[in-house]
Amino acid sequence: MSERPQTIIKNTCREFDHDKTRLMDIVEAAQAKLGWISGEAVSLIAHELGLPRVEVEAVISFYAFLNRGPKGQSVVQLCDCVSCNLVGGKTAAGSFIAELGIGFGETTPDGKVTLERASCLGMCDQGPAALINGIVFTRLSTDAIKEIVRTLREGADPRKLVRNLGDGQNSSRLISAMVDNNIRKRGPVIFGESKPGAGLRNALTMNSAEVIRDVKTARLRGRGGAGFPAGMKWDFARQAEGDRRFVLCNADEGEPGTFKDRVLLTECPDLVFEGMTIAGYAVGAEEGILYLRGEYEYLRAYLENVLDQRRAAGLLGKNAGGKSGFNFEVRIQLGAGAYICGEETALINSCEGRRGEPRDRPPFPAQQGYLGRPTIINNVETFCCVTRIMEKGAPWFSRIGSPASSGTKLFSVSGDCMRPGIYELPYGISMRELLAEVGGEDAIAVQVGGASGQCIAPEGFKRLICFDDLATGGSIVVLGPKRNLLEVASEFMAFFVDESCGWCVPCRVGNVLIKERVDKIRAGSGEPDDLVYLEELCRTVKTMSRCGLGQTSANPVLTTLANFRSVYEHAVRKSEDGRQRSFDLEAALADAVAVQGRQPVHFPD
Ligand SMILES: Cc1cc2nc3c(=O)[nH]c(=O)nc-3n(C[C@H](O)[C@H](O)[C@H](O)COP(=O)(O)O)c2cc1C
Ligand code: SF4
């Protein structure tokens, strides 16, 4: 007999010691068993944790992967990111609609399948992609979709459709996914030969200040996008007041076009966990959290197993790395489908079992972060670099790359190129060299740094990829000669409209207005004045928004306006007969025509 909801929720809350800050885990675990969180379940959770019901509701309503209503037996989440759409995402969407006979957000009448859109699944180099009950499907052809739908209609487990497993660890027992790593270029830092434990043991021969000194000497800057010097951040946290300290690894990777952290977690988890352990030693933390985006849940069992192996090898836990008195543990916090949780303060809120809304700064996380204690947050790749710096030495690392940007960078390359995938290249290479490497020489534009990055034109391909010129978290989306840049800009804006947390008006409303104006111009109804309006609107959203999402969301439009002005100007040129393009006579008279029941005589043919 299946367990009653009351029993499931009581047991789940007990499993997490009735800890309110583990609300995300409790709701996720309850949903895994119940399928969705009913009103009764909300009340039970609130009662068990001693929380107002509204707080539980507020959390569930925030995250795309948490369900307050029932869904079909199978849930198809089709990726809607620009990279997937460049390689047939829209065709895949049409195929699912045709085969299932329902639209997005709907469930088939027999309750077998729900069809949804996902913002970006991180499979940008092997799209179109979908998650079906959490199982990844890549390179979805029309035939594959027909077979998937047939199987789901029969009520069969979608797992049986995963026949060809991906390369590397993707085909290991604990992952068993059809995902490919697509590692095209291996560099000396990330993909150089490395021994688990070597970096940590070297670090433990020094004191914490010396470890931080070495990270500074290596001139390591964060790989998540902003490029903040890692050693400086660690120093702030080490010196901040607090009875406990924390190390958080940001594996939220939601930026469309970015998938490098997925490959790092798959192929180099030891480098990631070792970097976190070294950071723990350096700042005086005993606890680490890897915030794993919900889309990568398929990696969780594998990562838990790596953690177990590290514990067994004495590299985690009490006296980690053989250092008496140094204790360090790592837990995995699963996200639930919210891009904003990649922003560090939103990530902290999410780890504390709250809505993933950003916090005001100061205080900075290094002063008051997770549970109000000094916390360092770094990107997955940053932690990998830390391990290698400790293993091979700061001078070795700082000699690679360009003067202001040491080391290598992992690039996630997708879009119109011959060889999409992962590239480890030294900082300081030019965009033109990168395009030659990936087979994207005929690009008309490159979106650098994901949706919130910049769209550069061929005149900019001579620029160097590094912090002092073209900075990027690593996402490179190549746009070939057939691409409509207004359509691409509109798709990026759709992403931000969906992913804005809604806390502040400029971002919540402004992004919608920007998208509407771009669409108006795309549709041929734009006027030259629209460009002035669009620019002003973008600047308002950029300067008035509360967090990094709103401060960068207008970038795809601002940078296409700056670098591809003629595309916009062509779209808004005056019509040849001198008529105002934005005024639609038929639409304006539609109501009158309906009342009169006849067409006006003045309509042009
Ligand atoms: C909307 C938004 C999303 C972000 N997403 C990520 C992310 O997925 N991964 C990441 O490492 N940093 C992300 N960041 C940057 C983080 O806030 C933070 O700067 C970073 O994790 C620090 O690590 P680093 O110094 O090692 O780069 C995001 C920032 C914003 C504003
Ligand atoms: S800028 Fe956007 S994402 Fe950031 S707090 Fe405001 S509404 Fe939320």
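Is histidine 18 buried, partly exposed or exposed? Select histidine 18 and show the surface: the residue is partly exposed, with a relative accessible area of 32%. (Buried means under 20% relative accessible area, exposed over 50%, and partly exposed in between, using a 1.4 Å probe and protein chains only.)

Before moving on, some housekeeping. You're looking at a predicted model, where local features need pLDDT of at least 70 and side-chain atom pairs count only at pLDDT 80 or more, while totals for chains, interfaces and linings use all residues. Residues are numbered from 1 along each chain as its sequence is written, chains are lettered from A and ligands numbered from 1 in the order in which they are written, and side-chain values use heavy atoms, with hydrogens and water left out.

**Stop 1: two positive phi angles**

Stay on histidine 18, in the loop between helix H1 (5-15) and H2. (Helices, H or I with at least four residues, and strands, E with at least two, are DSSP runs numbered from the N terminus.) Its phi is near 55°, a positive value in a residue other than glycine. Now jump to arginine 139, in the loop between strand S5 (135-137) and H7. Phi is positive here too, near 45°, and arginine 139 is partly exposed at 41% relative accessible area.

**Stop 2: cis prolines**

Select glycine 127 and proline 128: the peptide bond joining them is cis, with omega near -5°. Proline 128 sits in the loop between strand S3 (113-118) and strand S4 (130-132). Then go to arginine 361 and proline 362, where the bond is cis as well, with omega near -5°. You'll find proline 362 in the loop between H14 and S10.

**Stop 3: helix H14**

Colour residues 344-351. Seven of the eight residues of this helix are buried, so H14 is largely enclosed by the rest of the structure. Among the buried ones are Leu347, Ile348 and Cys351. What do they pack against? Show helix H2 (23-34) and strands S7 (246-251), S8 (287-292), S9 (329-334) and S10 (375-379). After H14 comes glycine 353, with a positive phi near 80°.

**Stop 4: ligand 1**

Select ligand 1 and its surroundings: 18 residues are around it, the closest being Gly224, Glu253, Asn378, Asn379 and Thr382. (A residue counts if one of its heavy atoms lies within 4 Å of the molecule.) Try a few distances. A side-chain N or O atom of asparagine 250 is 2.9 Å from a ligand oxygen. A polar backbone atom of glutamate 344 is 3.0 Å from an oxygen of ligand 1, and a backbone N or O atom of glycine 342 is 3.3 Å from a nitrogen of the ligand.

**Stop 5: ligand 2**

Which residues are closest to ligand 2? Out of 13 surrounding residues, they are Cys501, Trp503, Cys504, Cys507 and Cys547.

**Stop 6: asparagine 181**

Pick asparagine 181, in the loop between helix H7 (142-153) and strand S6 (183-185). This residue is buried, with a relative accessible area of 3%. Leaving aside neighbours within four places in sequence, asparagine 181 has contacts (heavy atoms within 4.5 Å) that include Asp125, Asp167, Val263 and Ile422.

**Last stop: glutamate 487**

Finish in helix H18 (residues 485-499), at glutamate 487. This residue is partly exposed, at 31%. Beyond neighbours within four places in sequence, glutamate 487 is in contact with Lys90 and Arg522.

Terms used:
A polar contact is a pair of N or O atoms within 3.5 Å; within protein, one must be able to donate a hydrogen and the other to accept it, and residues adjacent in sequence count only if both atoms are side-chain atoms.
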